[in-house]
Amino acid sequence: MNPILELARERLKGKRVLAVMSAKGGVGKSTIASLIALNFGERQKTALIDLDIYGNSVLKLFGIQKLHEVSKEGIEPFRVGNLSIFSVGGLVGDHYIVLPGKEEGNVLESLLGLANLREETVVIDTPPGMGEELLTLKRVANPEVILVTLPSKLSVMVVEQMLEYLLESKLKVEWIVANMCYLNTPFGPIYPFGKPEFVEKLGVEKGIKVEYLPVDPELEDFSGRIWDYSGLLKEEIRKILDE
Amino acid sequence: MHEWAIAMSVVSSVEKWSMEKNLGVKKVFLSIPSLSMLEVEVLIEAFNTIKKESKIRDAELEVRVRDQNFKCRSCGNVFTMKDIRDQLDPILRDYGEENPLHIVPSLITAFAKCPKCGSHDFDVDSSIRVEGIEV
Ligand SMILES: Nc1ncnc2c1ncn2[C@@H]1O[C@H](COP(=O)(O)OP(=O)(O)OP(=O)(O)O)[C@@H](O)[C@H]1O
Ligand SMILES: [Mg+2]
Ligand SMILES: [Zn+2]
């Protein structure tokens, strides 16, 4: 009997859990997870859990350099407005993390089990790929997945394999998000990866809604203080959430 | 401090088990890694407090602290906590009581190396588990 796993299940039970995933790296998962959480946070208390043990980009996007406090209830979140943020990075600080594969699941279970999670809405950022995070999430909850890709053919092909797995495992894929599709200019939109036809086709084939997000060059200025960002990307994500 | 959260998880998972099996519980055997530096007295105190609000009010908690045998996956060396004591001390110094290993003992490979070959790649048995229930 694994009590920490049971505790993780208990803590997530009955909650809305949204997991932002992609088989591909660098496509905007952490950014999108953070902006989804910030949008929710404008209306209700929301948790943002960073399952990217090695990258912990969420902490970097929010400019958090502290360590988690620990209470009788477990790991206390970092609070940013209405958001409660949890990350393994908040346990180790700036020390590197190296883990044999089979320990990864234990680390993720511990974070999810020990997090003092009070919020009804939980947004989860995951690292690229289909590793232990995916398995752990499936063990502890029944997340709704937001699958992120670039509109490029390569990215869509890689993500398609993940989608096959997700659908076969009966996970609910809420949307496919094609990130960095277009850049607005005074001369009209530019499509840096060409028109997003591959992802559109994938969505039609699988019957999943595809959402198209722009490139926002201003985003970069908000790295470390993403809560302050209210630009185009956040607005577009809000529209998706409102649908 | 998070001994309380762990005790809560033990009470609720054993309670769930006892309800499913429809059996009363006399004793719970919990095994923890010494690496976690969890305080046994606090675990027991927390367990005894939390169980009062549960359906396993009469259960007693027995904690076994497992000593580690780490096995290097690179050179095969087998070593123990004693052999890496000098590597663990700085963690206590830098992070204090609520250090990463106390909260998530599986993180040991990030902080310690095989004393023979210097590899971080070693096997750990870091789980916290209920090993037995006496009914
Ligand atoms: N729509 C966008 N417009 C402009 N920049 C973006 C956009 N989306 C993401 N970026 C930038 O792209 C980079 C990668 O984003 P991010 O770290 O969110 O990706 P990721 O998928 O989480 O990466 P990883 O796979 O490493 O976890 C970041 O510098 C981010 O600011
Ligand atoms: Mg990321
Ligand atoms: Zn070795």
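User: Which residues coordinate the zinc ion (ligand 3)?

Analyst: In this predicted model, the zinc ion (ligand 3) is held by the SG atoms of Cys72(B), Cys75(B), Cys114(B) and Cys117(B), at 2.3 to 2.4 Å.

User: And what arrangement do the 4 donor atoms make around the zinc ion?

Analyst: The arrangement is tetrahedral, because the angles that the 4 donor atoms subtend at the zinc ion (ligand 3) run from 106 to 114°. For comparison, the ideal angle for four tetrahedral donors is 109.5 degrees.

User: How are the donor residues spaced in sequence?

Analyst: The donor residues of the zinc ion (ligand 3) follow the spacing C-x2-C-x38-C-x2-C.

User: Is Cys72(B) buried or exposed?

Analyst: Cys72(B) counts as buried, because its relative accessibility is 3% and the cut-off for buried is under 20%. Cys117(B), on the other hand, has a relative accessible area of 41% and is therefore partly exposed.

User: Switching to chain A, at what angle do helix H2 and helix H9 pack?

Analyst: Helix H2 (residues 29-41) and helix H9 (residues 232-242) of chain A pack at about 65°, and their axes are 9 Å apart. Angles of 65 to 115 degrees count as roughly perpendicular, so that is the description given to H2(A) and H9(A). The crossing in which H2(A) passes H9(A) is right-handed.

User: Which residues make the contact?

Analyst: From H2(A), the contact involves Thr31(A), Ile32(A), Leu35(A), Ile36(A), Leu38(A), Asn39(A) and Phe40(A), and these meet Leu233(A), Lys234(A), Ile237(A), Arg238(A) and Leu241(A) of H9(A).

User: One more topic: what is phi of Met180(A), and where is that residue?

Analyst: Phi of Met180(A) is near 60°, which is a positive value in a residue other than glycine. Met180(A) is placed in strand E9 (residues 172-185) of chain A, and it counts as partly exposed because its relative accessibility is 27%.

User: What about phi of Met37(B)?

Analyst: Met37(B) is not a glycine either, yet it has a positive phi of about 50°. Met37(B) lies in the loop between strand E1 (27-33) and helix H2 (40-50) of chain B, and at 32% relative accessibility Met37(B) counts as partly exposed.

Notes:
Residues are numbered from 1 along each chain as its sequence is written. Chains are lettered from A and ligands numbered from 1 in the order in which they are written. This is a predicted model: local features need pLDDT of at least 70, side-chain atom pairs count only at pLDDT 80 or more; totals for chains, interfaces and linings use all residues. Side-chain values use heavy atoms; hydrogens and water are left out. Donors are N, O and S atoms within 2.8 Å of the metal (3.2 Å for Na, K and Ca); water is not among the atoms, so sites may look incomplete. Four donors count as tetrahedral if all angles lie between 85 and 135 degrees; four count as square planar and six as octahedral if opposite donors are over 155 degrees apart and all others between 65 and 115; anything else is irregular. Buried means under 20% relative accessible area, exposed over 50%, partly exposed in between (1.4 Å probe, protein chains only). Axes are lines fitted to C-alpha atoms, for helices over the stretch in contact, and angles run from 0 to 180 degrees between N-to-C directions. Helices (H or I, at least four residues) and strands (E, at least two) are DSSP runs, numbered from the N terminus. Angles under 35 degrees count as roughly parallel, over 145 as roughly antiparallel, 65 to 115 as roughly perpendicular and the rest as oblique. A crossing is left-handed if the near helix is turned anticlockwise from the far one by less than a right angle, and right-handed if clockwise. Contact means heavy atoms within 4.5 Å.
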